[in-house]
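Subject: Structure handover

Dear colleague,

Please find the structure below, with my notes after it. Could you look through them when you have time?

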Amino acid sequence: MQKDKLTQLSDPNVHQLELGIFPNWRQDAKVGNNRQIIPYYTADQCREILDYVCGCEGWANEYVGINNMTFCNIGIEIEDKWVFKSVAGGGRKSTKEMSDIDA
C-alpha cells in the first residue's frame, strides 16, 4: 500500500460514504458533572476498514500475552515494509492460558 492511502484509515467520510460503516457511541469516564460521549468502532468494523484500505493481505494482527493480559498488535504493509503498532491500553485479562492458545 502507498503511504497516501493511510489517511483513509482515519477518515470517517471514507468509512461512512464508501463502506456504510458508522461509529458506535459510549459513555466515557465522568468529566466534572457530565459524562463524555466517545465514538468507537467494533473489531468487525475495523477489519472491514482495514480490508478496504489495505487489501485483505496488506495487514495482519497478532496476539501477545504479557502478565496474564492479551494484547493485539496490528501490522500494515506500507511500500513493501511491515509496520506494527500496539497500545497497552487495549489489553484485557485472557480467558485462556497462552499455552492453550498455541495448542
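Predicted model: local features only at pLDDT ≥ 70, side-chain atom pairs only at ≥ 80, totals over all residues.

Numbering starts from 1 along each chain as its sequence is written, and side-chain values use heavy atoms, with hydrogens and water left out.

Overall fold. The protein has three helices and six strands, where helices (H or I, at least four residues) and strands (E, at least two) are DSSP runs numbered from the N terminus. Along the sequence the order is α-β-β-α-β-β-β-β-α. Of the 103 residues, 19% are buried (under 20% relative accessible area; exposed is over 50% and partly exposed is in between, with a 1.4 Å probe and protein chains only). Of the contacts (heavy atoms within 4.5 Å) between residues at least 6 apart in sequence, 34% join residues at least 24 apart.

Helix 2. This helix covers residues 43-54, 12 residues in total, and spans 16 Å from first to last C-alpha, close to the expected 16 Å (1.5 Å times one less than the number of residues). Its buried residues are Gln45, Ile49, Leu50, Val53 and Cys54. Viewed down the helix axis, they fall within an arc of 135°, so they line one face of helix 2; the arc is that of the directions from the axis to the C-beta atoms. They pack against helix 1 (12-18) and against strand 1 (24-31), strand 2 (34-40), strand 3 (59-66) and strand 4 (69-78).

Strand 4 and strand 5 (residues 81-85) run antiparallel and are joined by five bridges; strands count as paired if DSSP finds at least two bridges between them. Isoleucine 78 has lysine 81 as its bridge partner in strand 5. Two residues lie between the strands of this hairpin. Glutamate 79, in that loop, is not a glycine but has a positive phi of about 50°, and at 38% relative accessibility it is partly exposed. Aspartate 80 is in the loop between strand 4 and strand 5 as well; it too is a non-glycine residue with a positive phi, about 70°, and it is exposed at 71% relative accessible area.

Aromatic residues. Arginine 26 sits over the face of tyrosine 40, 5.1 Å from the ring centre (NZ of Lys or CZ of Arg within 6 Å of the centre and within 35 degrees of the ring normal).

Regards
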